[in-house]
Every structure is written in C-alpha cells, then in structure tokens.
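Dear colleague,

I am handing over the structure below, together with notes on what turned up in it. Please read the notes with the coordinates open beside them.

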Amino acid sequence: MRDLDRVDLDALDARLAEVDIQLACDVTNPLLGPTGAVAVFGPQKGATPEQVPILDGVLTQISAALVVAGAPDVRDLPGAGLPEASARRCWPCTAADAAAWRLLPRRSV
C-alpha cells in the first residue's frame, strides 16, 4: 500500500452520489498527523512507536490517492480519525441519539 499512487473509482455505482449518509461520532481526531487515527489509536491496536509513522505515511498515501480519484477530502475533517472500520461502528440512531452525539459535517461524494 505504501506504493499506491492511483485509485480507480470508476466502478462505483453512480447511485451512490444520491445517497445521503450521516455519521454520528464521539471522536474528534483528524485522519492524519500527530492527533490522527494512527498516532492516537494505533498504539491501542498494537502498533509500535516505530510503526506509527510508517502507518501514518501509508494512510496519507491512500487518502491522497482517493482525493486525486475524486473522493471527498476528509483528511482534516474532525472525526475522520475514527478508529477501526467506520462501517462496523455505524448503526441507526434516533433523534435523541443524534442530539447526544456530534454529527459529522456532510460531505458530497
């Protein structure tokens, strides 16, 4: 993944552009950098101090390739550093749940 320079999003179903998804998140960390996903949550998941900059660099490369391919740039978005797979941590929520959690700003695909 460290050598990734291109991501092809052409195979994505065009209907995804019409889908409105909101995520509620209790994490404010950005994706990258000293307060990002790898730096903060990597050691909790078993990353060594030596691995953290390497993993952050790989995540930087992947996110840059996604942006070049046309994906929204979420690298500095508060909450983008949500640990683990976001899809595993998402569930339907009520209005009361949404009021208790911070909703991530909407981004278009």
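To begin with one side chain: is Arg15 buried or exposed? Arg15 is exposed, since its relative accessible area is 62%, where exposed means over 50%, buried under 20% and partly exposed in between, with a 1.4 Å probe and protein chains only.

Before going further, please keep in mind that this is a predicted model, in which local features need pLDDT of at least 70 and side-chain atom pairs count only at pLDDT 80 or more, while totals for chains, interfaces and linings use all residues. Residues are numbered from 1 along each chain as its sequence is written, and side-chain values use heavy atoms, with hydrogens and water left out.

Arg15 forms a salt bridge with Asp13, and the closest N and O atoms of the pair lie 2.4 Å apart; the term stands for a side-chain nitrogen of Lys or Arg within 4 Å of a carboxyl oxygen of Asp or Glu. Asp13 is partly exposed, with a relative accessible area of 35%. By this rule the count is two salt bridges, and Arg75 forms one with Asp73, with 2.8 Å between the closest N and O atoms. Arg75 is partly exposed at 22% relative accessible area, and Asp73 also counts as partly exposed, at 36%. Side chains of opposite charge can pair when their charged atoms come close.

As for the overall fold, the protein chain has three helices and two strands, which follow the order β-α-α-α-β from the N terminus; these are DSSP runs, helices being H or I of at least four residues and strands E of at least two, numbered from the N terminus. Of the 109 residues in the protein chain, 23% are buried. Where contacts (heavy atoms within 4.5 Å) join residues at least 6 apart in sequence, 75% of them link residues at least 24 apart.

Asn29 is buried, with a relative accessible area of 16%, and, leaving aside neighbours within four places in sequence, Asn29 is in contact with residues including Val40, Phe41, Leu77 and Pro78.

Lastly, Leu12 belongs to the segment before β1 and counts as partly exposed, at 47% relative accessibility.

Best regards
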